[in-house]
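Please examine the structure shown below.

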Amino acid sequence: MKALKIIFIAVIVILGIYIAVCAFMPKEFKVERSTVINAPAASVFEEINDFNNMQHWSPWNDYDPNIQIKVEGIIGEPGYKYSWRSDNDKVGKGSLTRKHTKGNKSISNDLFFEDFKMHSNVDLTLEETIEGTKVTWTNSGILPFMMRPMSAKMEKVMAPDLEKGLQRLKTYSEAKPKLSNNIIKIETTTLAEIPYLSVRDTADLHTISQKLGMSYGIIMQSIIKQVLKQAGPVFAIYHSDSETNFDMEPGIPVDKPGKDDGKVKADVIKAGNVVVAHYFGPYEQTGKAHAAIYEWIQANNKKMAGRPWEVYITDPITEKDTAKWQTDIYYPIE
């Protein structure tokens with residue numbers, strides 16, 4: 001009994017010392033690594049935005065080739081989720097859930113380790129530089145009270161995996177075929193001034209088709225009311241860079257300047273130089289054409305002179321084959 005009492009007191013003392021150490025150790029941690037990738041930001045973003053692409057560069061799959069992975073939700077949307085499960089102690093169970101996305105610029109995720117009941121922030125930011133796209137990968141958060149002694153070791157534990165993942169992302173992204181080679185036709189031209197009527201609206205991936213259709217219907221009513229004529233295919237100007245939440249301006253070109261009519265606004269696309277990509281395929285993959293134009297602008301030392309717009313050449317109601325849908329993407333340049 002005396003021996004058990006001594007052991008019990010020793011355990012209590014050790015536990016007390018550990019708790020005291022926890023109380024004085026830093027509770028926050030932050031581990032960050034960066035690399036520069038010789039590829040357009042849009043191309044790199046496309047790689048890291050889709051959890052299905054993590055197989056190309058994730059450092060953790062090495063620990064368990066039999067890891068069970070599940071991806072659910074809409075790509076890039078808040079709530080988009082990557083879950084894993086493994087019998088390997090180095091991998092365990094957890095999830096990566098999208099908090100928010102800013103197209104071609106940043107991604108923020110919530111990382112949850114089920115075994116430790118621990119959340120942290122995983123952020124990836126992209127910055128276009130002269131050398132290429134600088135990608136910064138950051139893991140930060142607050143450690144549970146009893147794990148605070150780990151704060152001093154987080155750098156040593158996490159940094160090697162971040163460095164390995166970034167190197168693989170760099171290798172894979174730089175080896176990817178250039179989007180503009182034999183896939184999307186890019187050319188430059190000069191446009192004359194184009195008068196149009198438009199409606200400003202916002203949408204997400206769930207509502208964009210419906211809202212575009214409603215906007216074009218409202219605009220057509222105003223065109224008829226103002227005795228104007230449609231002078232080309234419908235289009236949409238995009239006032240934000242997000243690929244999931246859109247600040248958009250659906251419009252229809254007209255034969256002569258119109259007037260504001262309630263929600264409908266009259267404006268003009270200014271005359272000037274543009275670079276245009278002729279893309280064929282489903283609308284949700286037009287990001288490839290935008291990425292190709294970004295690549296062309298960088299390669300030719302040009303500067304953008306306004307917001308891009310997409311012109312929808314093919315009527316999806318009459319043409320059911322999405323591979324034949326033509327979208328022309330215009331970027332004004334100086």
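A pocket is found on a 1 Å grid over the protein atoms alone: it is an open set of points where a 1.4 Å probe fits, with protein on both sides within 12 Å along at least five of seven lines, and its lining residues have an atom within 4 Å of a point. Grid points are joined across faces, edges and corners, and a volume is the space filled by probe spheres set on the points. The model is predicted, so local features need pLDDT of at least 70 and side-chain atom pairs count only at pLDDT 80 or more, while totals for chains, interfaces and linings use all residues. Residues are numbered from 1 along each chain as its sequence is written, and side-chain values use heavy atoms, with hydrogens and water left out.

Helices (H or I, at least four residues) and strands (E, at least two) are DSSP runs, numbered from the N terminus. Elements giving two or more residues to this lining include the strands β3 (81-85), β4 (93-102) and β5 (106-113) and the helix α3 (154-175). The largest share, 5 residues, comes from α3.

The largest pocket contains about 1400 Å³ of space. Nearest the centre of this pocket, among its 44 lining residues, are F246, Y283, E284, Q285 and T286. At least two lining residues come from each of α2 (41-49), α4 (208-225), β12 (245-253), α5 (287-299) and β15 (309-312).

**A residue in α4**

S222 lies in helix α4. Is S222 buried or exposed? With a relative accessible area of 2%, S222 is buried (under 20%; exposed is over 50%, partly exposed in between, with a 1.4 Å probe and protein chains only). Leaving aside residues up to four places away in sequence, S222 touches L197, D261 and V264 (contact means heavy atoms within 4.5 Å).

**The whole protein**

The protein has 5 helices and 16 strands. Of its 334 residues, 43% count as buried.
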